[in-house]
Structures are given as structure tokens and as C-alpha cells.
Amino acid sequence: MTNALVVLSGGQDSTTCLYWALNRFGRRQVAAVTFDYGQRHRIELDCAAHVAMLAEVPHTLLPIDTFAALGGNALTDARLAVRPGVDARTQLPNTFVPGRNLIFLTFAAALAYQRCIHHLVTGVAQTDFSGYPDCRQPTIQALEQAIRLGMDYDLTIHAPLMFESKADTVRMARELGALPALAWTHTCYNGQQPPCGVCPACELRAKGFAEAGIPDPLVERF
Ligand code: ZN
């Protein structure tokens with residue numbers, strides 16, 4: 001029986017969380033869900049599927065096309081480039097997709113409910129350089145409470161990376177045996193494989209590996 005559902009984006013953090021869940025809940029107890037929300041970089045979906053295959057967990061792909069229809073951010077709107085710095089009004093990078101994690105976790109909770117799964121695992125981190133408000137601990141706690149009430153269901157949301165630095169996350173990935181899977185993850189905001197190395201996401205990833213003193217298996221693959 002499955003005990004935990006991991007929201008798997010195909011990136012470094014959610015992949016690390018998948019291995020955290022395997023360690024915490026045991027093999028054959030974990031499933032993964034990925035959302036196709038019209039992201040520009042379709043490679044994320046391939047990466048998520050590949051990581052799930054490597055980890056030998058069942059993988060569900062769910063479509064949500066509303067974010068692309070809303071537009072206004074660089075991750076779903078192909079007309080917008082990823083800009084450095086923050087928007088003057090929102091004080092957030094233009095890669096912020098409003099409501100994304102709230103919606104993802106709510107849909108994931110609905111899937112968990114249907115499958116009698118009581119634990120959700122997400123890779124969000126308060127320490128993330130972008131400062132996305134839906135990655136913060138109070139948001140996750142409030143959402144967990146809203147889901148418990150709104151679904152009348154005993155559900156716990158785990159965010160094991162919430163207070164970890166990127167370097168700590170890399171060390172955790174090594175301890176969990178996740179490094180081979182990280183070779184197949186996607187981080188680059190420019191959607192490039194091999195990664196461009198200069199966008200904010202690539203820079204943050206490289207800094208984390210450098211500080212941990214561990215070579216990035218994704219970079220080594222090319
Ligand atoms: Zn990049």
C-alpha cells in the first residue's frame with residue numbers, strides 16, 4: 001500500500017525529496033505525481049518521468065492548463081524572457097507563478113485522498129533564493145490545515161528541505177543515494193541540456209554543489 005505521494009517536478013529538490021520519502025516510508029510505499037501546467041520547458045516532464053523510473057516508483061502526470069491561460073510569468077508565457085532581479089510591484093522574480101504550489105498541493109491532496117495516501121512530500125524551501133511566498137513554512141502549514149478541514153481527511157505535508165541550504169540539500173542527496181538520479185534532473189531557466197550555467201537557477205545549483213564539495217552529476221553527464 002502506498003503511504004506517501006511526492007510532488008515531483010523533475011528538478012533537483014523534488015528528486016532529493018523523492019529519495020527522502022523512499023528512505024522514510026520505504027520502497028513500494030511511495031508514488032510520485034507531476035503536473036503538466038504548460039511549462040515552457042517540456043524537458044521537465046521527461047526528467048520527472050525518468051527520475052520516477054530510476055527510483056522505481058509509480059508516476060502520475062496530471063494536466064493543469066490554467067496557468068498558461070493566465071500568462072504573465074516567464075515560466076509559462078513564451079513571450080516573456082526570464083529577467084534578473086525582481087518586479088517593481090511584486091518584489092518577486094518574473095518566474096513567480098502565482099498560486100502554483102497552492103494548486104499543485106491541493107490537486108496532489110485530492111489524488112492522495114482518492115488513493116488513501118496520508119502523506120504528501122514537497123521540495124519547497126524557505127531558503128530558496130527567489131523568496132516565493134508559497135514556498136514558506138507558514139504557507140505550507142496553513143495549506144495543510146485548509147486541506148485537513150476542507151477534505152475532512154488526515155493528511156500531513158512534509159517539506160524536508162524547508163530550512164536547508166542548497167549545499168545541505170546536496171549533501172542530503174548524497175546520503176540518500178540520490179546523486180545518480182540528480183544526473184537526470186532539470187534546473188536551467190533557459191531550458192538547456194547541458195545546462196547554460198549562467199541563468200539564476202543554474203548559478204544557484206552550481207553554488208550548492210560547489211559549497212558541498214560534490215561534483216554535479218548533471219554537469220558530469222555531458
Ligand atoms: Zn541555466
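Helices (H or I, at least four residues) and strands (E, at least two) are DSSP runs, numbered from the N terminus. The model is predicted, so local features need pLDDT of at least 70 and side-chain atom pairs count only at pLDDT 80 or more, while totals for chains, interfaces and linings use all residues. Residues are numbered from 1 along each chain as its sequence is written, and side-chain values use heavy atoms, with hydrogens and water left out.

**Stop 1: two positive phi values**

Most residues other than glycine have a negative phi, and most peptide bonds are trans. Select D152, in the loop between α5 (137-151) and β5 (156-158). Its phi is near 45°, a positive value in a residue other than glycine. D152 is exposed, with a relative accessible area of 70%; by the cut-offs used here, buried means under 20% relative accessible area, exposed over 50%, and partly exposed in between (1.4 Å probe, protein chains only).

Next select E56, in the loop between α2 and β3 (59-63). E56 is not a glycine either, yet has a positive phi of about 60°. With a relative accessible area of 53%, E56 is exposed.

**Stop 2: the zinc ion**

Which atoms coordinate the zinc ion? They are the SG atoms of C188, C196, C199 and C202, at 2.3 to 2.4 Å. Along the chain these donors follow the spacing C-x7-C-x2-C-x2-C. C188 lies in the loop between α7 (179-182) and α8 (200-212) and C202 in helix α8, so the pair ties together parts that are 14 residues apart in sequence. Both C188 and C202 are buried.

The angles among the 4 donor atoms are 103 to 119°, and the site is tetrahedral. Four donors count as tetrahedral if all angles lie between 85 and 135 degrees; four count as square planar and six as octahedral if opposite donors are over 155 degrees apart and all others between 65 and 115; anything else is irregular.

Stay in the loop between α7 and α8 and select P194. A cis peptide bond joins Q193 and P194, with omega about 0°.

**Stop 3: α6 against α8**

Two packed helices are described by the angle between their axes and the distance between the axes. Axes are lines fitted to C-alpha atoms, for helices over the stretch in contact, and angles run from 0 to 180 degrees between N-to-C directions. Select helix α6 (residues 166-175) together with α8: they pack at an angle of about 65°, with their axes 7 Å apart. The two helices α6 and α8 are therefore roughly perpendicular to each other. Angles under 35 degrees count as roughly parallel, over 145 as roughly antiparallel, 65 to 115 as roughly perpendicular and the rest as oblique.

The crossing of α6 and α8 is right-handed. A crossing is left-handed if the near helix is turned anticlockwise from the far one by less than a right angle, and right-handed if clockwise. To see the contact (heavy atoms within 4.5 Å), show K166, A167, V170 and R171 in α6, which meet L204, G208, F209, E211 and A212 in α8.

**Stop 4: α1 against α2**

Select helix α1 (residues 12-25) and helix α2 (residues 43-55), whose axes are 11 Å apart at an angle of about 25°. The helices α1 and α2 are therefore roughly parallel to each other. Their crossing is right-handed. T15, L18, Y19 and L22 of α1 make the contact with V51, L54 and A55 of α2.

**Stop 5**

Select L8, in the loop between β1 (4-7) and α1. At 1% relative accessibility, L8 counts as buried. Not counting residues up to four places away in sequence, L8 touches, among others, T15, L18, V51 and H59.

Move to A4, in strand β1. A4 is buried, with a relative accessible area of 0%. A4 and F25 are 21 residues apart in sequence and 7.1 Å apart in space, C-alpha to C-alpha. Beyond its neighbours within four places in sequence, the contacts of A4 are F25, Q29, V30, A31, I117 and H119.

End at A31, in strand β2 (residues 30-36). Is A31 buried or exposed? A31 is buried, with a relative accessible area of 3%. With neighbours within four places in sequence set aside, its contacts are T2, A4, L5, V6, V57 and P58.

Technical notes: Donors are N, O and S atoms within 2.8 Å of the metal (3.2 Å for Na, K and Ca); water is not among the atoms, so sites may look incomplete.
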